[in-house]
Amino acid sequence: EPRVFPDGVLKPEILFEQYQSMNRNNVFRMNPPNIWTQVGPNNVPLQSNGAKRGIGRVNTIAFHPTNPDMIYVGAPAGGFWKSENGGQTWQTTTDFLTNLGVSDIAINPSNTNEIYIITGDRDAGDTYSYGLMKSSDGGLTFNTTGLSFNITGYYRGNRVLIDPIDNDIIIVATSNGIYRSTDAGINFTQTLQSINMTDIEFHPTNSNIIYGASKGNTSIYKSIDNGINWSVSGSGLPSTNSVVRACVAVTPDNPSIVYALFGNNSNGFYGVYKSINEGQSWIQQSNSPNLLGWSTTGSDSDGQAWYDLAFACDPNDENILFVGGVNTWKSTDGGQSWSLNTHWYGGGGATYKHADVHMLKYSDCGSILSSTIPIYSANDGGLYVSYDNGNNWTDISDGLQITQIYSLGVSQTVQDLVI
């Protein structure tokens with residue numbers, strides 16, 4: 001009550017203006033000495049069955065193009081984090097950003113000191129976007145770009161891509177459409193309006209072709225001119241009023257193929273679709289079991305497609321697919337049949353992996369630990385990795401200080417006792 005206006009409304013722009021004023025008057029310092037100390041949690045607690053309980057939600061994963069030990073993650077309310085040793089330890093430099101939500105990260109493959117982060121929380125709106133931030137020093141500092149939003153716009157930043165041929169071209173997907181820069185983020189042009197594009201992917205060998213998947217007015221979109229113009233991709237897709245959200249997957253193993261995953265209006269599984277001609281036409285591969293629900297057999301009907309929807313195709317095998325929702329499912333025949341890969345409490349004889357998967361992504365540069373390209377899972381518990389194509393998963397979240405704490409109790413009689 002003391003923090004809202006008499007009409008009950010909280011006005012974040014007033015808070016933001018006061019924060020900026022205090023910064024101008026040097027009331028705040030970027031590195032204040034001995035004022036705040038992080039006290040935990042630091043490591044993921046174990047349950048009695050050996051499963052890790054979860055340190056906090058991770059929205060996105062990115063990789064250094066040549067160093068397999070360098071991993072980057074973004075959290076919905078915990079900022080940007082980097083590991084230089086394959087996830088053994090983590091560090092952040094973003095504690096003093098205006099907004100600690102990060103929905104996606106892109107690394108310039110020609111200059112890895114250039115890192116872009118799109119702010120906000122793509123999947124739950126726990127934080128909203130104030131635009132695209134850029135670092136020119138490997139993530140030590142971040143500055144605003146030509147894509148900035150008013151904090152009362154309540155936009156969500158979703159994905160950011162760097163053109164692999166011309167690294168000055170930046171494509172950003174938001175809840176307010178698509179924005180495109182040709183000068184490394186100095187200026188942006190909005191090339192698609194009013195579509196909440198939650199997922200975008202370049203064609204593996206032709207960056208003029210970009211596939212997009214949307215939420216709300218749900219369909220698969222395609223650009224053939226590097227993101228300048230967009231249209232619904234091909235024939236055979238479900239009607240927009242039958243589905244609530246979609247995502248796409250491509251593979252260098254067969255650049256002509258693109259897959260699409262749809263959640264239905266009950267937020268359960270609608271279907272996996274496949275195109276073998278770059279999205280000109282589509283064929284449904286499967287519509288069961290329910291890949292997005294809680295059941296070990298997929299026999300339930302609903303799910304959380306509005307919140308957790310992830311999709312990945314093996315870069316070396318066009319037929320191997322992973323779908324992430326509450327659980328993770330795997331297909332080895334191009335999405336025609338599915339087996340339970342991990343389960344949110346280890347039910348049905350499946351491997352335990354924390355629930356609610358927000359991104360599944362193969363590493364860009366492999367691993368020094370395995371000849372198989374590792375696949376990573378960003379979920380509500382943190383970050384997991386599999387070095388054997390999903391047969392085993394390892395939690396590498398220890399040290400990520402990203403827990404979203406909703407309430408706090410401090411003992412009045414026992415010093416340092418905090419719940």
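Close-up 1. Lys82 sits in strand β3; strands are DSSP runs (E, at least two residues) and are numbered from the N terminus. This is a predicted model, in which local features need pLDDT of at least 70 and side-chain atom pairs count only at pLDDT 80 or more, while totals for chains, interfaces and linings use all residues. Residues are numbered from 1 along each chain as its sequence is written, and side-chain values use heavy atoms, with hydrogens and water left out. Lys82 has a relative accessible area of 14%, so the residue counts as buried (under 20% relative accessible area; exposed is over 50%, partly exposed in between; 1.4 Å probe, protein chains only). A polar atom of the Lys82 side chain lies 3.3 Å from the backbone oxygen of Gly138. A polar contact is a pair of N or O atoms within 3.5 Å; within protein, one must be able to donate a hydrogen and the other to accept it, and residues adjacent in sequence count only if both atoms are side-chain atoms. Leaving aside residues up to four places away in sequence, Lys82 touches Met70, Ile71, Tyr72, Thr89, Trp90, Gln91 and Gly138. Contact here means heavy atoms within 4.5 Å.

**Close-up 2. The ring cluster of Tyr72, Phe80 and Phe142.** Ring pairs join Tyr72, Phe80 and Phe142 into a cluster. Rings of Phe, Tyr and Trp (its six-membered ring) pair if their centres lie within 6.5 Å; planes under 30 degrees apart count as stacked, over 60 as edge-to-face and the rest as tilted. The whole structure holds eleven aromatic pairs. In one of them, Tyr72 and Phe80 are stacked, at 5.9 Å centre to centre with 25° between the planes. Phe80 and Phe142 have ring centres 5.1 Å apart and planes at 70°, so this pair is edge-to-face. That pair links distant parts of the chain: Phe80 is in strand β3 (residues 79–83), Phe142 is in the loop between β7 and β8, and the two are 62 residues apart. Tyr72 is buried at 2% relative accessible area. Phe80 is buried at 2% too. Phe142 is buried at 10%.

**Close-up 3. Strand β1 and its partner β2.** Thr60 and Ala62 point one way from strand β1 (residues 60–63), Ile61 and Phe63 point the other way, and all are buried. Four bridges join β1 to strand β2 (residues 71–75), and the two run antiparallel. Phe63 has Ile71 of β2 as its bridge partner.

**Close-up 4. The open sheet β5-β6-β7-β8.** Four strands form this open sheet in the order β5-β6-β7-β8, with antiparallel pairing. Two strands pair if DSSP finds at least two bridges between them. The edge strands are β5 (102–107) and β8 (143–148), each pairing on one side only. From one strand to the next, the twist averages 25°. Tyr116 stands opposite Lys134 in β7.

**Close-up 5. Two nonpolar cores.** The largest nonpolar core has 20 residues. Such a core is a set of buried Ala, Val, Leu, Ile, Met, Phe, Trp, Tyr and Cys residues joined through side-chain atoms within 4.5 Å. Tyr259, Leu261, Val272, Phe311, Val323 and Trp338 have the most contacts inside the largest core. At least two residues of this core come from each of β17 (243–250), β18 (258–264), β19 (269–275), β21 (310–313) and β22 (321–324). β17 supplies the largest share, three residues. Another core lies apart from this one; it has 18 residues, among them Val58, Ile71, Trp81 and Leu383.

Close-up 6. Not counting residues up to four places away in sequence, Asn265 touches Asn241, Ser242, Val243 and Val244. Asp302 is 37 residues from Asn265 in sequence, and their C-alpha atoms are 8.7 Å apart.

**Close-up 7. The open sheet β26-β27-β28-β29.** This open sheet has four strands in the order β26-β27-β28-β29, with antiparallel pairing. β26 (357–362) and β29 (394–395) stand at the edges with a single partner strand each, so one side of each has no neighbour in the sheet. Two bridges join β28 (residues 382–386) to β29. Tyr384 has Asp395 of β29 as its bridge partner.

Key. Axes are lines fitted to C-alpha atoms, for helices over the stretch in contact, and angles run from 0 to 180 degrees between N-to-C directions.
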